[in-house]
Amino acid sequence: MTQTAQATNEHPMAEWLRMDRMPHIWCSTCGIGIVVTCFTEALKKSGIDPNTVAIVSGIGCTGRIAGYIRLDSFHTTHGRAIPFATGLKLGNPRLKVVVMSGDGDLVAIGGNHLIHAARRNMDITVICVNNFTYAMTGGQVGPTTPTTAYASTTPYGNYENPFNLPRLAASSGAVYVARWTALHLRRLTKSIGEALHKKGFSFIEVVTPCSTLYARKNRLGSGLDLMRFYHDSSEIEHHAELEKINIEFQKKIVVGKFVDEERPTFIDGYNARMKEVFGDKFKEYGEENGQN
Amino acid sequence: MVPTDPQGVLTGAHFLDGDYACAEGAMAAGCRFFGGYPITPSTEVAERITQRFPMMNGIFIQMEDEMASMNAVLGAAWAGKKSMTCTSGPGFSLMMENLGLGVMLETPCVVVNVQRGGPSTGLPTLPGQADMMQARWGSHGDYEIIALSPNSPQESFDLMVDCFNLSERYRVPVLFMMDECVGHMTERVVIPSAENILVEERRYTADPPDKHLPYKADENLVPPMTPTGKGYRFHVTGLTHDERGYPVINADAQNKIVRRLVEKIRKNAADIIMLEEEQVAGADVVVLSYGISSRVVIPAVEKARSQGVKVGTMRLITVWPFPEERIREIAANVNSLVMVELNLGQVFLEMDRCARGQCKTFLVPHCGGWVHDPEDIYNVLMEAAK
């Protein structure tokens, strides 16, 4: 049987995007749109009822994701997406809560919340779009900017050490940790699908191009050049030794799935402890506690 | 309003401190989410709640800091829970940015501040009433807020129910401005039966998802809530937004949203404001106070009356919004208005502004750490009566 392609003006992701908000604010060659596409693709394949999914973002370029994905979505304050998501999840455990935000938002101003949500094994998925800079405010140095890289607030090059995000998440207690680049479409999509189905705190770092600021300040070329760099320089190594996967300026990027394990979530721990103490008198806290 | 869920109601007569009574009031009002961070002298509120929540399907989480606490409270409110946190001065400061998010997203929730002496770490174990202007103006931008202040453990219970009801009715975070004295004072607290505790249920939109505008207000200027997880696929943002909830970055949109956020409180002030007046008609001097200070005023007033001074009293149960009209009315008919508060002049400034020179105004100041000496209040009353 042959199929004839039909011309259409409909965007293939129209069902998942707020088309009445287009055009979006992201620059051409920005990697955030790729992450949005991989996420919606993964959600579509996951079989999860999209009406039960809530997106929470903080502030910054990636923070705008919540405004474009057509799901229940919360654009909160700088750094606070994870605690907001924690409240959402605990308030209604039936919700599938996904945080999508940037490196500065999640790891600098929101860093404390990241490690504590991982420690608690809060049942949420965090997708961290890492473009190595504060892009919304004009390209300042951030907690993931590679040492020696230029930024508007490191005009002589960065002299701090960046975080190794998978190592940070894993050592804080995340049960699922992966890193991909914006070039790894299929792998990233699959990984997001796994994270969505993972019970507990899942964390995915996505290294994405920011050609407007990070690449320009570091003379790394166009968006296409950055994708070429990811192609030539990333190396898949599942379950790599995390202390060895620091990202150095324009050096090898180790990607892959690093952690995939089981551990009781915050709510599991609460229910187990209360049952021990109160026995049958205790009614488990769970999905039926969705609404007051 | 409907009778509350009996699971959270500890009906009967108890001997409780203000912090415990506040916790009981919250649970009686239907609060089933608490996110907080320990801080003296408010921690007992959290302790009481975490002890009692497992038996009423409530969920408690001790967050990593007060910024996280405030956000978790907002998230849980959007998930459908009546939710709260409690704190004191330093933590209250940390909550301010996200209190503003609560105002902007129009999120019902309650924040308890058991006030201690400040600034900074100040007097962790001793009383103050110096966070009153922070309660009013603490977050950036223009907004109106609701703040109530109890003067007894009984009222800590009763007013917590009002706090939750007001927050649901007006979709705004409500601040419960206690003080260390009331928080740690133990008295008889009578908790009614569940059928006698009326609570405002969350008002959700009746519109189907395809016709729904999350921020389309009703005639009361308050939009009904949008439920999460029910297919509305709605968006909310701390950015200036339109009725769809979408960001709109211009002066027109700003004018619409900020005006409505302010006016939904100002235009409904008569419904929100609770005052307790005594012998105000015919008085030469009227003393204003709130919280613990309202109890310290009593011996001073009695002594002044015994000296023939006609003194009336007004207790602000609702401090914000401020009872502007009533103060103006009284100011036109008295010689003096006197404010007694544990600070060097905060709510006094509002009283003075509303008096608009129609009468003399006096402040009985105190830096906190203890309550006023009634003699100091008496001396000001006598001066005010001249």
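Predicted model: local features only at pLDDT ≥ 70, side-chain atom pairs only at ≥ 80, totals over all residues.
Trainee: OK, where in chain A is A:Pro23 found?

Mentor: Check the peptide bond first: A:Met22 and A:Pro23 are joined in cis, with omega at about 5°. Most peptide bonds are trans. As for its place in chain A, A:Pro23 sits in the segment before α1 (32-46).

Trainee: And in chain B, which loop holds B:Pro41?

Mentor: Here too there's a cis peptide bond, between B:Thr40 and B:Pro41, and omega is about 5°. In chain B, B:Pro41 lies in the loop between β3 (31-36) and α2 (43-52).

Trainee: Is B:Asn57 buried or exposed?

Mentor: Its backbone is worth a look: B:Asn57 isn't a glycine, yet has a positive phi of about 55°. You'll find B:Asn57 in the loop between α2 and β4 (59-62) of chain B. On the accessibility scale, buried means under 20% relative accessible area, exposed over 50% and partly exposed in between (1.4 Å probe, protein chains only). At 12% relative accessibility, B:Asn57 counts as buried.

Trainee: What is the relative accessible area of A:Thr148?

Mentor: A:Thr148 is another non-glycine with a positive phi, near 80°. It lies in the loop between β4 (125-130) and α6 (165-172) of chain A. A:Thr148 is partly exposed, its relative accessible area being 47%.

Trainee: Zooming out, what is the radius of gyration of chain A?

Mentor: Chain A comes to 10 helices and eight strands. The radius is taken over C-alpha atoms, and the globule rule is 2.2 Å times the number of residues to the power 0.38. For 292 residues that rule gives 19 Å, and chain A is close to it, so chain A is as compact as a globular protein of that length, with a radius of gyration of 19 Å.

Trainee: How many Å is the radius of gyration of chain B?

Mentor: Chain B has 13 helices and 18 strands. The globule rule gives 21 Å for 386 residues, and chain B is close to that, so it too is as compact as a globular protein of its length, its radius of gyration being 21 Å.

Trainee: How far apart are the centres of domain 1 and domain 2 of chain B?

Mentor: The bounds come from an automatic or database domain assignment, which gives domain 1 (2-199) and domain 2 (276-384) of chain B. Their contact (heavy atoms within 4.5 Å) takes 27 residues from domain 1 of chain B and 24 from domain 2 of chain B. Taken over C-alpha atoms, the distance between the two centres is 27 Å.

Trainee: How far apart do the centres of the positive and negative side chains of chain B lie?

Mentor: Lys and Arg count as positive and Asp and Glu as negative, with His and the chain ends not counted. Each charge is placed at NZ of Lys, CZ of Arg, CG of Asp or CD of Glu. Chain B has 34 positive and 48 negative side chains, and the centres of the two sets are separated by 5 Å.

Note on methods: Residues numbered from 1 in each chain as written. Chains lettered and ligands numbered in written order. Heavy atoms only, no water. Helix = DSSP H or I, 4+ residues; strand = E, 2+ residues; numbered from the N terminus.
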